Amino acid sequence: MVTTTTLTDDALLSLIWLASPALPVGGFSYSEGLEAAVEGGHVTDETTASEWLAQQLHLTLARADLGVIAQAVDAFRVNDIAQVRELDQWILQTRETSELRAQTEQMGRSLGEWMRTLDASNSPQAPQEPNANWTYPIAFALAASRGAASTRAILLAFTFGWAENMMQSAIKSIPLGQSSGQRILARLAREIPAAVDHALQLPADARQAFSPMLAILSAQHETQYSRLFRS
């Protein structure tokens with residue numbers, strides 16, 4: 001039986017805003033190893049791109065970052081900053097290359113700046129969160145935790161935002177047309193709910209980020225001769 005929670009207009013719009021590729025955090029400039037996979041001949045067309053991203057969704061996001069975000073949202077809502085710091089360190093420890101680590105640090109820092117800008121415009125006396133420069137998944141959890149959306153809705157929004165960015169990376173890297181990109185996004189959208197539910201059911205001690213091919217490709221991308229993306 002599937003249960004649903006109705007979001008208020010404000011909560012829904014806040015999630016859409018937070019997950020938008022237009023948010024000034026730089027997500028469009030990263031391919032998370034996809035560009036190196038194209039260079040290496042692992043991804044060559046719409047079919048292989050769709051399969052690559054679906055596997056990345058289930059094997060990396062669902063087993064790692066999504067579970068961390070869920071725990072971080074809960075921790076922020078009860079002001080358990082010690083737990084948040086542990087989760088933030090876990091993210092850093094599982095970024096196996098300098099590019100992947102730089103991505104999560106830069107995007108997290110940029111999202112923190114975005115939040116501080118909104119806080120300053122809404123209330124000059126708005127309190128600043130401790131240790132504001134979190135990694136990106138933790139910064140996203142902080143921003144989302146301020147609203148009334150359920151944890152599942154937050155994970156759905158985060159993952160769809162990731163899917164949009166990665167679809168655009170595929171279009172530019174291979175390259176593909178917009179119709180191919182929309183078909184890739186449609187597949188990912190169908191598979192996102194199952195990935196989110198997997199993450200929500202995964203015990204914390206079962207979380208892992210073992211994806212050796214992704215780490216190898218990311219390391220190769222650091223010295224790739226010609227590239228469009230920063231990772």
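These legends describe close-up views of aromatic contacts in a predicted model.

**View 1. Tyr-136 and Phe-140 pair edge-to-face.** A search of the whole structure finds 5 aromatic pairs. In this one, the ring centres of Tyr-136 and Phe-140 lie 6.2 Å apart. The angle between the two planes is 70°, and the cut-off for edge-to-face is over 60 degrees. Both residues belong to helix α6, which covers residues 136–145. They are 4 residues apart, so about one helical turn separates them. Tyr-136 is buried, with 14% relative accessible area. Phe-140 is buried too, at 1%.

**View 2. Tyr-136 and Phe-158 form a tilted pair.** Here the ring centres are 5.8 Å apart. The planes meet at 35°, so the pair counts as tilted. Stacked would need planes under 30 degrees apart. Phe-158 is buried, with a relative accessibility of 7%.

**View 3. Three rings make one aromatic cluster.** The members are Tyr-136, Phe-140 and Phe-158. Tyr-136 pairs with Phe-140 and also with Phe-158. Each member is buried: Tyr-136 at 14%, Phe-140 at 1% and Phe-158 at 7%.

**View 4. Arg-207 lies over the face of Trp-90.** This view turns to a charge over a ring. The distance from Arg-207 to the ring centre of Trp-90 is 4.5 Å. The cut-off for such a contact is 6 Å, taken from CZ of Arg.

Technical notes:
Residues numbered from 1 in each chain as written. Predicted model: local features only at pLDDT ≥ 70, side-chain atom pairs only at ≥ 80, totals over all residues. Heavy atoms only, no water. Phe/Tyr/Trp six-rings, centres within 6.5 Å; stacked < 30°, edge-to-face > 60°. Helix = DSSP H or I, 4+ residues; strand = E, 2+ residues; numbered from the N terminus. Buried < 20%, exposed > 50% of the residue type's maximum accessible area, 1.4 Å probe, protein only. Lys NZ or Arg CZ within 6 Å of the ring centre and 35° of its normal.
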